[in-house]
Amino acid sequence: PTPGADRLAVTYCDYTRGRHTDEAVPMTLAEARGVLLELTPWPDNFAVFAGRSDGVVQVMWEAGPRLWLECPDPAARRSHGRHVTVAEAEDLMSVLATEDRVALDLLPGHTTENWDA
């Protein structure tokens with residue numbers, strides 16, 4: 001494996017615990033997984049996981065609590081997303097870290113939102 005092959009750049013904010021990052025922090029997959037699992041399920045708490053080639057998987061808690069996962073596609077000016085389980089979010093984050101790709105194939109039934117709409 002290439003050194004740092006399972007690394008992600010992570011930004012997060014857990015308002016309820018007063019924990020956040022101002023800039024992306026390089027983390028191993030295990031460390032990034034810890035951020036996801038420790039994120040309090042409270043509206044607007046979020047985490048952004050960026051891969052080596054700038055692919056992104058981001059999550060945000062909503063009321064319910066429900067976890068919204070989204071994969072922005074800046075080149076196409078749109079985002080793909082849907083509500084997921086924490087395990088589904090872990091799966092997409094893991095593929096991003098190990099394969100450096102956004103695994104929309106693991107997100108069946110996702111919606112696409114155009115940014116110009």
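1. Let's start with Asp 100 and Ser 53, whose side chains are joined by a polar contact of 2.4 Å. (A polar contact is a pair of N or O atoms within 3.5 Å; within protein, one must be able to donate a hydrogen and the other to accept it, and residues adjacent in sequence count only if both atoms are side-chain atoms.) Please keep in mind that this is a predicted model, in which local features need pLDDT of at least 70 and side-chain atom pairs count only at pLDDT 80 or more, while totals for chains, interfaces and linings use all residues. Residues are numbered from 1 along each chain as its sequence is written, and side-chain values use heavy atoms, with hydrogens and water left out.

2. Where is Asp 100 placed? You will find Asp 100 in the loop between α2 (86–99) and β8 (111–114). (Helices, H or I with at least four residues, and strands, E with at least two, are DSSP runs numbered from the N terminus.) Beyond its neighbours within four places in sequence, Asp 100 is in contact with Gly 51, Arg 52, Ser 53 and Val 95, contact meaning heavy atoms within 4.5 Å.

3. Asp 100 is buried but has no salt bridge; Arg 52, the nearest side chain of opposite charge, is 4.4 Å away. Buried means under 20% relative accessible area, exposed over 50%, and partly exposed in between (1.4 Å probe, protein chains only). A salt bridge is a side-chain nitrogen of Lys or Arg within 4 Å of a carboxyl oxygen of Asp or Glu. For charge, Lys and Arg count as positive and Asp and Glu as negative, with His and the chain ends not counted.

4. How many salt bridges does a search of the whole structure find? The search finds seven. One to look at joins the side chains of Arg 33 and Glu 90 (2.4 Å, N to O). Arg 33 lies in helix α1 and Glu 90 in helix α2, so this pair ties together parts that are 57 residues apart in sequence. Arg 33 is partly exposed, with a relative accessible area of 40%, whereas Glu 90 is buried at 18%.

5. Two further salt bridges are worth a visit. Arg 78 forms one with Asp 73, their closest N and O atoms being 3.8 Å apart. Asp 105 forms another with Arg 101, with the closest N and O atoms 3.0 Å apart. Asp 105 is exposed, at 54% relative accessible area, and Arg 101 is partly exposed, at 33%. A network of salt bridges links Glu 99, Arg 101 and Asp 105.

6. The largest nonpolar core has 24 residues, of which Leu 8, Val 10, Phe 49, Val 59 and Leu 69 touch the most other members. (A nonpolar core is a set of buried Ala, Val, Leu, Ile, Met, Phe, Trp, Tyr and Cys residues joined through side-chain atoms within 4.5 Å.) At least two residues of this core come from each of β1 (7–14), α1 (29–38), β4 (46–50), β5 (56–62), β6 (66–73) and α2. Helix α2 gives the most, with five residues.

7. Val 35 is in helix α1 and is buried, with a relative accessible area of 8%. Leaving out residues up to four places away in sequence, Val 35 touches Val 10, Tyr 12, Met 27 and Ala 47.

8. Finally, the cysteines. Cys 13 counts as buried at 11% relative accessibility, as does Cys 71 at 1%. The structure holds zero disulfides, a disulfide being a pair of cysteine sulfur atoms within 2.5 Å.
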